[in-house]
Amino acid sequence: MNYISTLKSATKISVILLICSQALNSSAIAGELTHDQNSSAIKTDVIDLVHSDKKRPIKVDLWYKESRAKNASKLNVAILSHGAMGSSKDYSWLAYPLAAQGWIVIGLNHFGESWRYGRENIDPSSVMRFWQRTEDASFVIDSLDTLLPKHLTTASANIVVIGHSSGGYTAAGLVGVHLDFNQMYDYCTSSGAQADLGCSYGKSEKPLQASPIAEKFNFAFDNRVTGIIMLDPAMGPAATEVSLNKVKVPTLIIGSQQNDFLPFERHAEHYANNIPLAELVTLNNGEGHFVYINSCDNNYKARGVSLCEDRQGVNRGHVHQKLLGHILKFLTKNSQVMT
């Protein structure tokens, strides 16, 4: 949900991002979803991996049915990528129902951002190192055979990446979407970006597009990802039309039209207008940017926007049921294409 123009600017926003991390921590704890009667059939686990090449821990949450059809020739895997400074547990409202449908749900917790590693390991500057997010996802795919219970492993897998906010770009990066930070800078310093709260996290310096750091953003493509779902995705103004036009996998994009954080037309709609196979679902009844995380009851805010309190007339639980319907419909409709 937040993006930053340069590494140098990260130190200027550390206090703000730490507040965000505290807020999402509390929302995850206070917002544990009350699941239906079928949730008892879902197994959960937490597994700690280490990407030794990157010297980076990766804590993952698993949701899955212990039983599996004997004639299933392909494993359905959903990888969740959280928003900035959040955790995969913020999306248990989605993980449990997907697992109930037979999906193996793997929730990533991105080190440096997620409170799941302890507050002492929160590094606000990590919010802009988007390449670490896609590296986490690809390493988890590499590790499926060791990550999953042995009775669930398979020779082949249908892998869909689902991401919210910054996690939406994680999904996009894995299917080849490139970022242009000069393009982003031009947007964030224009009068048209005044309502984009993401830009407020750092726009004081113009990034060097040719720098080694900038180049890392655009080598994330993983051909094992067969589909993506983007929930109110961030980084739209940086996503290049050329790379968006080349995305070849089924894509579902869900965005909030009356957005209180990321302008719909610059983010969700921009992705949808330029990805050839994209389906766009628009929430247009006052739903905000944080309606996509678990219901919660704390008073924390990010840039003045409440993480838990929705606009009058918005019932987050009802929204989640609506979102789940769209997501399951998309997965069913595209099952043959993605396999």
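Q: How many helices and strands does the protein chain have?
A: Local features of the predicted model need pLDDT of at least 70 and side-chain atom pairs count only at pLDDT 80 or more, while totals for chains, interfaces and linings use all residues. Residues are numbered from 1 along each chain as its sequence is written, and side-chain values use heavy atoms, with hydrogens and water left out. The helices and strands found in the protein chain number 11 and 10, respectively.

Q: What percentage of the residues in the protein chain is buried?
A: A residue is buried under 20% relative accessible area, exposed over 50% and partly exposed in between (1.4 Å probe, protein chains only). The protein chain has 339 residues. Among these, the buried share is 58%.

Q: What share of the contacts in the protein chain with a separation of 6 or more comes from residues 24 or more positions apart?
A: A contact means heavy atoms within 4.5 Å. For contacts in the protein chain with a separation of 6 or more, residues 24 or more positions apart account for 79%.

Q: How many of the nine residues of helix 5 are buried?
A: Helix 5 spans residues 166–174 and is largely enclosed by the rest of the structure because of its buried residues. Its buried residues include Ser166, Tyr169, Ala171 and Leu174. They pack against strand 3 (75–81), helix 3, strand 5 (157–164), strand 6 (225–231) and helix 9 (268–274). The count of buried residues in helix 5 is nine of nine.

Q: Which residues of helix 5 make the contact with helix 3?
A: The axes, which are lines fitted to C-alpha atoms over the stretch in contact, form angles that run from 0 to 180 degrees between N-to-C directions. Helix 3 and helix 5 pack at about 65 degrees, with their axes 9 Å apart. On the side of helix 3, the contact is made by Phe130, Arg133, Thr134, Ala137 and Ser138. On the side of helix 5, the contact is made by Ser166, Gly167, Tyr169, Thr170, Gly173 and Leu174.

Q: How many nonpolar, polar and charged residues are in the contact of helix 3 with helix 5?
A: Ala, Val, Leu, Ile, Met, Phe, Trp, Tyr, Cys and Pro count as nonpolar, Asp, Glu, Lys and Arg as charged, and the others, Gly among them, as polar. By these classes, the residues of the contact of helix 3 with helix 5 divide into four nonpolar, six polar and one charged.

Q: Which residue is 149 residues from serine 81 in sequence and 9.8 Å from it in space, C-alpha to C-alpha?
A: Leaving aside neighbours within four places in sequence, serine 81 is in contact with several residues, including His110, Arg133, Gly167 and Thr170. The residue 149 places from serine 81 in sequence and 9.8 Å from it, C-alpha to C-alpha, is methionine 230.

Q: At roughly what angle do the axes of helix 2 and helix 10 cross?
A: Helix 2 comprises residues 92–100 and helix 10 comprises residues 316–333, and their axes come within 11 Å. Helix 2 contributes Trp93, Leu94, Pro97 and Leu98 to the contact, while helix 10 contributes residues including His320, Leu323 and Leu331. By class, this contact of helix 2 with helix 10 has nine nonpolar, one polar and no charged residues. The axes of helix 2 and helix 10 cross at roughly 45 degrees.

Q: Is lysine 55 buried or exposed?
A: Lysine 55 is placed in the loop between strand 1 (42–51) and strand 2 (56–65). Its phi is positive, near 50 degrees, although lysine 55 is a residue other than glycine. Because its relative accessibility is 74%, lysine 55 counts as exposed.

Q: Is aspartate 232 buried or exposed?
A: Aspartate 232 lies in the loop between strand 6 and helix 8 (241–245). Although not a glycine, aspartate 232 has a positive phi of about 45 degrees. Because its relative accessibility is 2%, aspartate 232 counts as buried.

Q: What is the relative accessible area of arginine 116?
A: Arginine 116 lies in the loop between strand 4 (104–109) and helix 3 (130–142). Leaving aside neighbours within four places in sequence, arginine 116 is in contact with Val46, Lys59, Asp61, Ser87, Ser88, Lys89 and Asn109. Arginine 116 is buried because its relative accessible area is 15%.

Technical notes: Helices (H or I, at least four residues) and strands (E, at least two) are DSSP runs, numbered from the N terminus.
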